[in-house]
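Reader: I would like a close look at a single part of this protein. Please keep it brisk.
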Amino acid sequence: MSKSGREEDVRSSSSQSMVEKTLEVAKASVFGERKEKEMKKETRLGISAKKDEDFPSWYSQVCRFGELITLSDTKGLYILEPSATKIWNTLRSYMDAELEKLGGVEEKKFPMLIKRDSLEKEKDHIEGFKPEVAWVTRAGEHDLPTPYALRPTSETIIYPYFKNRIRTHRDLPMKVNQWVNVVRWEVSDPIPLIRGREFDWQEGHSAFATKEEADEEVLEVLNIYSRVYEDLLAVPVIKGRKSDKEKFAGADYTTSVEAFIPTTGRGVQAATSHCLGQNFAKMFEIAFEDKEVKRDKKGKIIKPMVWQNSWGLSTRSIGVMAMTHGDEKGLVLPPKVARHQVVVIPVPFKGADTKRISQECQAVKATLQGAGVRVIVDEQENYACGWKYADWEMKGVPLRIELGPRDLEKNQVRVVRRDTGAKMDVLRVDLVEKVKDLLEVIQRDLYDVAKRKLEECIHKVETWDEFKEALRLKKLVLAPWCDEVEVENDVKENTKGENEAGAKTLCTPFDQPELREDTLCFASGKPAKKWTYWGRSY
């Protein structure tokens, strides 16, 4: 076999069998005494579950083998690995810049422990979180005089602060944001990065003098969340308003961006922006002296209550991204958030000048880094090229660059796209421009493919039979609804499966199709008031 032929052989050997063979050879050289049974277990590093056949197992493997998370020894608590923290930090940098443009948002950090009486001050609010609240009841060997909650959310610890800081209209608007972790002790089975017992999030709270200001901010923040998903994570989302049943506990109304996972036919509440009205203001007595002072009959100054919002985005966003773009080979990362946008892999063979190949790989890295590309060189000596290809595909790196003796002769490199597997030879002189163009194309293509899949999943129905059939086909159902909670409850109850939760409202989209006057609710037969998205959800 010619040298070039052998080099092509190495390049094409990224199948699962090659992964196992190369790993076996590499590991055997290091752990020659290892038992065969242990050896076989060690070789199972690829994604063994199929996305279309066993989604839960597939997703768990993608998160772990793609090195987003590591399982801790406590169920529902996960260790974020560098790839996940890079994504989260990228989202944070973007959010901070957008909130700066919004104006007046100050970053603060509030305590994690909340006294019981503070948490229970707003009845509807605590009822919404009560099953998930984790309590601290002891310190050392002694019982605490009052239990403290590990924050499930921070309204009840931030609003006493608002009360003390807000005196007059000059103190408004007040906007704070914090990047913290929260604890919600889910009783159902946790899902990595989607529904965990502890997770990181961004939590914003604001107070205004008027309802109009509050309403305006709700949508401004929601639009930021939409851009986070669509511009950075390449995940299409639907903006809309939650039903009264599904809104945030204690809010006047909740808006959200909703994602949808076609493989499972389930929606995901991706981020929320709530208008709290004056509910919490009345409970925590957050009032201010207005610009135009008004007095009651006794001459006492009348202080109006503030209007409040709260809004949040969590590491659930990383899970939604993984579910949306991942494939049978593993994770697929959008270039804008990838820790490594490019991996450079030397492709040597017996008799090749490995030292020179290594030097040229480092030169490629330096050139790309100088152009602002995040790049890593994989020069591990115990692993064959085929194993490395599969390993980096599993980790989702957007572009792979291969460099071997034949490439040196032609002053070129081989470039391979993670999302499509497309390969191309690129001259070194054109490399920076080509890599930057490809990263932009991959980012755009990932979004376009996901958008097309989402649109293909949307089924518009008008009858109960059509609704049930669309749900059976794992579709995102857009249906006319009478906007009654009793009907919403009935739909959920009547669509429960043996091992499936019932369908519920996901959101009423802001972009409403035309609603004819004679349109009836698909479930009750009463006059419909709106078009609403329904589906099963995480």
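How many contacts beyond four places in sequence does the model have for residues 1-9?

Author: The model has 12 such contacts for residues 1-9, a contact being heavy atoms within 4.5 Å. Over this stretch pLDDT (the predictor's confidence in each residue, from 0 to 100) stays under 50. Where pLDDT is low, the predicted coordinates should not be read in detail.

This is a predicted model, in which local features need pLDDT of at least 70, side-chain atom pairs count only at pLDDT 80 or more, and totals for chains, interfaces and linings use all residues. Residues are numbered from 1 along each chain as its sequence is written, and side-chain values use heavy atoms, without hydrogens and water.

Residues 12-44 also keep a pLDDT under 50. For them the model has 32 contacts beyond four places in sequence. The protein as a whole averages a pLDDT of 91. At least 70 is reached by 90% of the residues.

Next, the domains, whose bounds come from an automatic or database domain assignment. Domain 1 covers 55-325, domain 2 covers 342-448 and domain 3 covers 457-535. The centres of domain 2 and domain 3, taken over C-alpha atoms, lie 48 Å apart.

Then a sheet. Its strands are DSSP runs of E, at least two residues, numbered from the N terminus. Two strands pair if DSSP finds at least two bridges between them. Three strands form an open sheet in the order S4-S6-S5, with antiparallel pairing. S4 (113-115) and S5 (134-139) are the edge strands, each pairing on one side only. S4 and S6 (residues 142-150) share three bridges. Leu-113 stands opposite Leu-150 in S6.

Note on methods:
Helices (H or I, at least four residues) and strands (E, at least two) are DSSP runs, numbered from the N terminus.
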